[in-house]
Amino acid sequence: MTMNGKRLGNLLMDADIITKRQLAKAIQKQVKGDKRKLGEILVDLNYVTVEDLTEVVMEQATKAKDESE
């Protein structure tokens, strides 16, 4: 998922919610055939909560809206 030019994993790392190692582990699951979205895998691994994901996405949406005005 790309939001305003940034991928979800990078947004979560920028917000200090996940580490680079945690992101790599989740992406590796996808590479090995896990068809779920990255956010679902991160929640399943207990690296983030649904609330964390919602907050990061909403912040990014707000920034994008502010930049377009």
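Asp 16 is exposed, at 70% relative accessible area. Exposed means over 50% relative accessible area, buried means under 20%, and partly exposed lies in between, using a 1.4 Å probe and protein chains only. Asp 16 sits in the loop between helix 1 and helix 2. Its phi is near 60°, a positive value in a residue other than glycine. Most residues other than glycine have a negative phi, and most peptide bonds are trans.

This is a predicted model: local features need pLDDT of at least 70, side-chain atom pairs count only at pLDDT 80 or more, and totals for chains, interfaces and linings use all residues. Residues are numbered from 1 along each chain as its sequence is written, and side-chain values use heavy atoms, with hydrogens and water left out.

## Overall layout

The protein has four helices and two strands. Along the sequence the pattern is β-β-α-α-α-α. Helices (H or I, at least four residues) and strands (E, at least two) are DSSP runs, numbered from the N terminus. The C-alpha atoms fill a box of roughly 40 × 20 × 20 Å, taken along the principal axes.

Of the 69 residues in the protein, 28% are buried. The protein exposes about 5,000 Å², and carbon and sulfur atoms supply 51% of that area. Accessible areas come from the Shrake-Rupley method with a 1.4 Å probe; for residues, only the protein chains shown count as cover. Take the contacts between residues at least 6 apart in sequence: 43% of them join residues at least 24 apart. A contact means heavy atoms within 4.5 Å.

## The nonpolar core

The largest nonpolar core has 14 residues. Such a core is a set of buried Ala, Val, Leu, Ile, Met, Phe, Trp, Tyr and Cys residues joined through side-chain atoms within 4.5 Å. Leu 12, Ile 18, Ala 26, Leu 42, Tyr 47 and Val 48 have the most contacts inside the core. Helix 1 (8-14), helix 2 (20-31), helix 3 (38-44) and helix 4 (50-68) each give two or more residues to this core. In soluble globular proteins, nonpolar side chains tend to be buried together.

Ala 26 touches Leu 38, Ile 41, Leu 42 and Leu 45, not counting residues up to four places away in sequence. Asp 44 is found in helix 3. Asp 44 counts as partly exposed, at 46% relative accessibility. Asp 44 and Ala 26 are 18 residues apart in sequence and 9.5 Å apart in space, C-alpha to C-alpha.

Helix 2 has 12 residues. From first C-alpha to last, helix 2 reaches 16 Å, close to the 16 Å expected at 1.5 Å a residue. The expected span is 1.5 Å times one less than the number of residues. Leu 23 is found in helix 2 and counts as buried, at 10% relative accessibility. Leaving out residues up to four places away in sequence, Leu 23 touches Gly 9, Met 13, Ile 18 and Leu 38. Leu 23 and Asp 52 are 29 residues apart in sequence and 14 Å apart in space, C-alpha to C-alpha.

Just after helix 2, Gly 33 takes a positive phi of about 115°. Asp 34 lies in the loop between helix 2 and helix 3. A polar contact of 2.7 Å joins the side chains of Asp 34 and Arg 36. A polar contact is a pair of N or O atoms within 3.5 Å; within protein, one must be able to donate a hydrogen and the other to accept it, and residues adjacent in sequence count only if both atoms are side-chain atoms. Neighbours within four places in sequence aside, Asp 34 is in contact with Lys 29 and Ile 41.

Asn 46 is in the loop between helix 3 and helix 4. Asn 46 has a positive phi of about 65° although it is not a glycine. Asn 46 is exposed, with a relative accessible area of 68%.

Helix 4 has 19 residues and reaches 27 Å from its first C-alpha to its last, close to the 27 Å expected at 1.5 Å a residue. The buried residues of helix 4 are Leu 53, Val 56 and Gln 60. Seen down the axis of helix 4, these buried residues fall within an arc of 75°, so they line one face of the helix. The arc is that of the directions from the helix axis to the C-beta atoms. On the other side of helix 4, Val 50, Glu 51, Met 58 and Lys 65 are exposed. Lys 65 has a relative accessible area of 51%.
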